[in-house]
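Here is a short report for a reader new to this structure. Take a look at the model before reading on.

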Amino acid sequence: MLKNIKDKRLSQERLSEIIRECLLRETLKETTFINEIERIAPDSNNRIYSSLLMILSHLNFPPDEAKYYWEEIIKHREILIKELKRDPGLRVSLLDYFVNMDNRLKNPKIIELSIYEETERKTLIDGLTGLYNYRYFKTAIENAVKTSDRNDLPVSLLFCDLDNFKEYNDKYGHLCGDQILIAVSDVMKKNFRPSDIVARYGGEEFAVIMSGTDKTGILISANRLMERIKKINYKKMKIPVKEDITISCGIASYPIDAKNDEEFVSCADSALYQAKYEGKNRIILYSLEKRGYFRVDIVTKIRYEIQYVPKGSYKGILKNISASGAAFETKRHIPLMTHINLYIDLNNNNNEKPIELVGKVIWINQISSSRYNVGVKFIQIDEAIRKKIIKFIKKQGKPSCRP
């Protein structure tokens, strides 16, 4: 029933999914289920208890504390069986314990588990592709890093981006573009293990979290994925695409490449856009793609335009810049993944034409009610402009070391 629980590579989310599937079975025998939970729990480092209580009560406990409460609930169920002379069931026992014994639930709301799970699932699944969405990915990557720390196992992250997707959309139409995304997503679902998290990160970009896997393991999966996507038979699917669809990939691993989940995502994203910059249809490993680009702190005015929206020019204050990205302050909230055109006057010289770059928003922090710090990764940068930025940085003195 719960044979996959022992796999330490399982994320907390995947662990919870397996438990949900068991709880939703009509043929579930609670006594057998409880005995099996207690038998295999040590192999999951007690994480199974956290998932159980979250699913059944929506209360969040760390593994060891969750184990304590689970054991108390089982004892409480046995007491109720003796007093009532019938088995009230696991759910009623849990509810009675947290309402009348522990008092954690003041005004519990009862809802059919299958209805609740289906509603919650819809908020975590991308409606077009059926993959996990960005919201789910953010939680999953945080938990994957925690699981990696706890079990001393690596976790790897693969970022994929369909090459020239905008051109396909323009040439064949958005409906065809959606069909391409669905076809690629179906291949991705079949390409990875049940324990892996496959998500649509945004637009035509996808992300895969592989726990318990180093760069070598995820590189093998990425190469296999690239070949399978090239071989998609669009004609058979009645999708009017004549060209081969390819993807660019970036790979990073934790903890070798990053200290936390935010850095982890940034490393994989950086590798992906290095793959784009070097010609697309390729895989870049973060540890191999570092160029030692330095960042220099600077305060100067900039102008930017947001792509794919009605024309408009906005102002901001540049905070720092490197040959691979920049950060600036603005009064406007810009959604993640947004592509923007940047116009930067590095020398504050009105007589000199600002350099022009295209960037993608990879992080945003609100610093006040109307001020935001925005991080941008350059995705289109002329080599002459890159050299100009590097030359400018060297002139500023000792820069900060940040790729």
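## Terms and model

Two strands pair if DSSP finds at least two bridges between them. The strands themselves are DSSP runs, numbered from the N terminus. The model is predicted.

## The barrel

Which strands close into a barrel, and in what order? Six strands do so, in the order β6-β7-β8-β11-β10-β9. Their pairing is antiparallel. On average, neighbouring strands of this sheet are turned by 45° against each other, direction ignored.

Strand β6 covers residues 296-306, and strand β9 covers residues 339-344. Five bridges pair β6 with β9 in the antiparallel sense. Glu305 has its bridge partner in β9: Asn341.

## Helices on the sheet

Helix α11 packs on the sheet and touches β10 (355-368) and β11. The direction of α11 makes about 35° with that of β11.

Helix α13 (residues 383-395) packs on the sheet too. The strands touched by α13 are β6, β7, β10 and β11. The direction of α13 makes about 55° with that of β10.

## Strand β8 and its partners

Start with the pairing of β7 and β8. Strand β7 spans residues 314-321 and pairs with β8 over four bridges, in the antiparallel sense. A hairpin of three residues joins β7 to β8. Asn320 has Ala327 of β8 as its bridge partner.

Strand β11 (residues 371-380) also pairs with β8. These two strands run antiparallel, joined by six bridges. Thr330 has its bridge partner in β11, namely Tyr372.

How many residues of β8 are buried? Six of the six residues in β8 (residues 325-330) are buried, and the strand is mostly covered. In a regular strand the side chains alternate between the two faces of the sheet. Both faces of β8 are covered. Gly325, Ala327 and Glu329 are buried on one side. Ala326, Phe328 and Thr330 are buried on the other.

Most residues other than glycine have a negative phi, and most peptide bonds are trans.

Asp152 lies in the loop between α7 (134-151) and β1 (155-162). Is Asp152 buried or exposed? Asp152 is exposed, because its relative accessible area is 69%, and the cut-off for exposed is over 50%.

Asn281 sits in the loop between α11 and β5 (283-285). With a relative accessible area of 31%, Asn281 is partly exposed.

Pro255 sits in the loop between β4 (247-254) and α11 (261-277).

## Tyr134 in helix α7

Where is Tyr134 placed? Tyr134 belongs to helix α7. Tyr134 is partly exposed, with a relative accessible area of 24%.

Leaving aside residues up to four places away in sequence, Tyr134 touches Arg200, Tyr201 and Leu336. Tyr134 and Leu124 are 10 residues apart along the chain. The C-alpha atoms of Tyr134 and Leu124 are separated by 8.0 Å.

Methods
Residues are numbered from 1 along each chain as its sequence is written. This is a predicted model: local features need pLDDT of at least 70, side-chain atom pairs count only at pLDDT 80 or more; totals for chains, interfaces and linings use all residues. Side-chain values use heavy atoms; hydrogens and water are left out. Buried means under 20% relative accessible area, exposed over 50%, partly exposed in between (1.4 Å probe, protein chains only). Contact means heavy atoms within 4.5 Å. Axes are lines fitted to C-alpha atoms, for helices over the stretch in contact, and angles run from 0 to 180 degrees between N-to-C directions.
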